[in-house]
Amino acid sequence: MAEEQKILSIIDYINQNNICNKYLNKLKNIIGSSNVEILSRVKEKQSALDKMKVRHFVSANQISDFVGYIIITDTVEDVYKIKNKIENDLGNCLEEDYIKNPKNGYKSIHLNYLVEKDIPLEIQIKTKQMKAAQDIVHDKIYKNFNLSEELRSVLSNLVFLKVLKQ
């Protein structure tokens, strides 16, 4: 119960201190006038509680995306340029390169930071095609726990292969 309360406290802090918009503005300044779209969100309380339960997390600290951004651009080259700009400005992070090492066909760059008060913030950088594939897979397959993990993996791979034409 203490970890559930910690989740609620973290989300309340994020909302009360406008953390999402603060870092959204910072990302816009870092990226500049590039032709990109930036989506942002604060994880909803129930989503965070569900994630902790489904993933069998024992600590709220295992949730890496209380604040999340998706940066969408045209080319893979642009993805890496934007990644480098962000890392040069924000510094060290935990980086996961799912473009070089796709996960069940999923492609994207993930940058995970701890910002003020150790708030976990995740930045995903992807192309428009990668985002379109993610949109198809996310709710219908990835979050569909009525399907076995094996079937979700197979279906995800098929969609990503078709949409991304690997």
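A word on the basis. The model is predicted, so local features need pLDDT of at least 70 and side-chain atom pairs count only at pLDDT 80 or more, while totals for chains, interfaces and linings use all residues. Residues are numbered from 1 along each chain as its sequence is written, and side-chain values use heavy atoms, with hydrogens and water left out.

Start with the whole chain. The protein chain has six helices and five strands; helices (H or I, at least four residues) and strands (E, at least two) are DSSP runs, numbered from the N terminus. In sequence order the pattern is α-α-β-α-β-α-β-β-β-α-α. Along its principal axes, the C-alpha trace spans about 45 × 45 × 20 Å. A compact globule of 166 residues would have a radius of gyration near 15 Å, and the 16 Å of this chain agrees with that. That radius is taken over C-alpha atoms, and the globule rule is 2.2 Å times the number of residues to the power 0.38.

Of the 166 residues, 40% are buried. Buried means under 20% relative accessible area, exposed means over 50%, and partly exposed lies in between, with a 1.4 Å probe and protein chains only. Contact means heavy atoms within 4.5 Å. Among contacts between residues at least 6 apart in sequence, 61% join residues at least 24 apart.

Now the sheet. In what order do the five strands of the open sheet lie? The order is β1-β2-β5-β4-β3, with mixed pairing. Two strands pair if DSSP finds at least two bridges between them. At the edges are β1 and β3 (94-97), each of which pairs on one side only. From one strand to the next, the twist averages 15°.

Take strand β2, residues 67-73, where seven of seven residues are buried. In a regular strand the side chains alternate between the two faces of the sheet. In β2, Val 67, Tyr 69, Ile 71 and Thr 73 point one way, while Gly 68, Ile 70 and Ile 72 point the other way.

What are the neighbours of β2? Strand β1 (residues 37-42) runs antiparallel to β2 and is joined to it by six bridges, with Val 42 partnered by Val 67. Strand β5 (residues 119-127) runs parallel to β2, with seven bridges between them, and Thr 73 stands opposite Thr 127. Further along, β4 (residues 109-115) pairs with β5 in the antiparallel sense over seven bridges; there Asn 112 stands opposite Glu 122.

Next, a helix pair. The axes of α1 (residues 2-16) and α3 (residues 45-54) come within 10 Å and cross at roughly 145°. Axes are lines fitted to C-alpha atoms, for helices over the stretch in contact, and angles run from 0 to 180 degrees between N-to-C directions. The residues that meet are Glu 3, Glu 4, Ile 7, Leu 8, Ile 11 and Asp 12 in α1, and Lys 45, Ala 48, Leu 49 and Met 52 in α3. By class, this contact has six nonpolar, no polar and four charged residues. Ala, Val, Leu, Ile, Met, Phe, Trp, Tyr, Cys and Pro count as nonpolar, Asp, Glu, Lys and Arg as charged, and the others, Gly among them, as polar.

Last, Lys 22, which lies in helix α2 (residues 19-31). Why does Lys 22 count as partly exposed? Because its relative accessibility is 44%.
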